[in-house]
Amino acid sequence: MSHYAVLLRPSALNKSFVILAEHWEDVAGVTRFVRDGVVVHQVAACDVLRVESHPSDKQARDALMAFLRDSAGGATVKVEEGHTGKPRGRDRGGAAVAVPAEGISFRVRE
């Protein structure tokens, strides 16, 4: 059995995915993935950009992540708060007021 990275056109309803199947086929405008003679998943053929076969699940997932990264413009941004703000004051009701993060750093990977 092969691990397939199914790369789809960007859509709010369809997401690219990885699936384990014996083979895939296009039938009447539908791309079907078959395992043990049973259709385990199907998607409209017009949404499929390409189907890539890989020998392992990790390689298929790596190909999927590379496709998603490339279709997002080649860069990802991860924002983390380095330190939680400590209350530095009180509002009129006496509740503690925290200070937002002092600085933000960005790491762009291309």
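Colleague: Which residues does V6 touch, not counting residues up to four places away in sequence?

Modeller: V6 touches S16, F17, I19, F33, R50 and V51, where contact means heavy atoms within 4.5 Å. This is a predicted model, in which local features need pLDDT of at least 70 and side-chain atom pairs count only at pLDDT 80 or more, while totals for chains, interfaces and linings use all residues. Residues are numbered from 1 along each chain as its sequence is written, and side-chain values use heavy atoms, with hydrogens and water left out.

Colleague: OK, and which residues make up the largest nonpolar core?

Modeller: That core has 10 residues, namely Y4, V6, L8, F17, I19, A21, F33, V43, V48 and V51. A nonpolar core here is a set of buried Ala, Val, Leu, Ile, Met, Phe, Trp, Tyr and Cys residues joined through side-chain atoms within 4.5 Å; buried means under 20% relative accessible area, exposed over 50%, and partly exposed in between, with a 1.4 Å probe and protein chains only.

Colleague: Which elements give two or more residues to this core?

Modeller: Those elements are β1, β2 and β6, with strands taken as DSSP runs of E of at least two residues and helices as runs of H or I of at least four, numbered from the N terminus. Apart from this core lies another one, of 7 residues, including L7, A63, L64 and F67.

Colleague: Why is β2 largely enclosed by the rest of the structure?

Modeller: Because 4 of the 5 residues of β2 are buried, the strand counts as largely enclosed. It is joined to β1 by 5 bridges, and the two run antiparallel; two strands pair if DSSP finds at least two bridges between them. Within this pairing, L20 in β2 is the bridge partner of H3.

Colleague: Stepping back, how many helices and strands are there in the protein?

Modeller: There are 1 helix and 8 strands, and from the N terminus on the elements run β-β-β-β-β-β-α-β-β. Of the 110 residues in the protein, 21% are buried, and among contacts with a separation of 6 or more, 40% are between residues 24 or more positions apart.

Colleague: In what order do the 3 strands of the open sheet come?

Modeller: The order is β3-β4-β5, with antiparallel pairing, and the edge strands are β3 (23-27) and β5, each of which pairs on one side only. Neighbouring strands of this sheet are turned by 25° against each other on average, direction ignored. Strand β4, residues 30-35, pairs with β5 over 6 bridges, and V43 in β5 is the bridge partner of T31.

Colleague: Where is the place of A45?

Modeller: A45 sits in the loop between β5 (38-44) and β6 (48-54), and it is partly exposed, with a relative accessible area of 26%. Not counting residues up to four places away in sequence, A45 touches D26, G29, V30 and T31. A45 and G29 are 16 residues apart in sequence and 5.2 Å apart in space, C-alpha to C-alpha.

Colleague: And S11, where is that found?

Modeller: S11 is in the loop between β1 (2-8) and β2 (17-21), and because its relative accessibility is 33%, S11 counts as partly exposed. From C-alpha to C-alpha, S11 and D47 are 8.6 Å apart in space, although 36 residues apart in sequence.

Notes. Axes fitted to C-alpha atoms, helices over the stretch in contact; angles between N-to-C directions.
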